[in-house]
Amino acid sequence: MEERRSDLPRGQLPERLMRIDVNAFLGAYPWSRVPGTTPTALLAAMDRVAIDAAWVTHLPGLFWRDPTEGNPWLYETCRTLPRLRPVPAVHPGLAHWQDVLNEAVERDVPALRCDPLYFGLHPTGPELRVLAAACGAARLPLLMAVRLEDGRQRHPNDVAGELPAAAVRALIRSDADLRLIVTHADRAFIEEVHFGSTPAEAGRIWWDISWIWGPPEEHLATVIATIGPERFVFGTGQPLRLPENAVAKLDLLDLPAEGRARIEVGNLRNLIAG
């Protein structure tokens, strides 16, 4: 069997790389005991569902006062495990955020992550607009989540709000070069943003499938039919969510092989090369 490699520069994803998870985490979750948070466990889960590579973020760091303090560990871990690509966190409200961005560019990461409501930032405030412009100029995609966990099962101390759809629309309009990857969005959120944006704006947003309902509601089938498979990427949210869920939703779709290949890797190839 031909060996698959994921430790390639942006824009050089090989055809044989079949499935990339853009939405995975490493490290403990502060609000509950979550299994499978170590690199070894994550790789085992990837093998279980045939995921070739994963873009990963340091999960505990998202809840620290300075979320960028988890980036050195993330970089070192991914250096030794080439199937994992680091998506470092950046906090544009901190003085050293530009250094974080510069390091991310130097290390050729696939994307940079900012979750403003977890960082105590207004999602359309001046800090986010400056970051959006900087990411656009650096040709570095910006990744953010609508939510990390279902509100019905949150710990009382977990008071971070959910990212508003209006904030995504405002952010994509703030800079013509910005490219956004939005994870953990449901059908209603995606439709509100997509159909409330111009075609050019909507063409710079990619959505992971981790939070979109499959059968029997068929929300995923609906948005793929109405919006098109080119706007969606494969994401699991593991270990906060079971990776089998995302794979099963694709397996149950009546989707041509070409459309599925777009979601699993093709759209990422275009995103990274863009």
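Contact here means heavy atoms within 4.5 Å.

## Asp66

Leaving aside neighbours within four places in sequence, Asp66 is in contact with Leu94 and His96. This is a predicted model, in which local features need pLDDT of at least 70, side-chain atom pairs count only at pLDDT 80 or more, and totals for chains, interfaces and linings use all residues. Residues are numbered from 1 along each chain as its sequence is written, and side-chain values use heavy atoms, with hydrogens and water left out.

## Aromatic pairs

Four aromatic pairs are present in the structure; rings of Phe, Tyr and Trp (its six-membered ring) pair if their centres lie within 6.5 Å, and planes under 30 degrees apart count as stacked, over 60 as edge-to-face and the rest as tilted. One of them joins Tyr29 and Phe63, whose ring centres are 5.8 Å apart with planes at 75°, so this pair is edge-to-face.

Phe63 is partly exposed, at 24% relative accessible area, on a scale where buried means under 20%, exposed over 50% and partly exposed in between (1.4 Å probe, protein chains only). Phe63 also pairs with Tyr118: the centres are 5.6 Å apart and the planes at 90°, so this pair too is edge-to-face. Tyr29 is buried at 5%, and Tyr118 is buried at 14%. Tyr29, Trp31, Phe63 and Tyr118 form one aromatic cluster.

## Charges over rings

A charge sits over a ring if NZ of Lys or CZ of Arg is within 6 Å of the ring centre and within 35 degrees of the ring normal. Arg107 lies over the face of Tyr75, 4.1 Å from the ring centre. The charged end of Arg19 sits over the ring of Phe234, at 5.6 Å from its centre.
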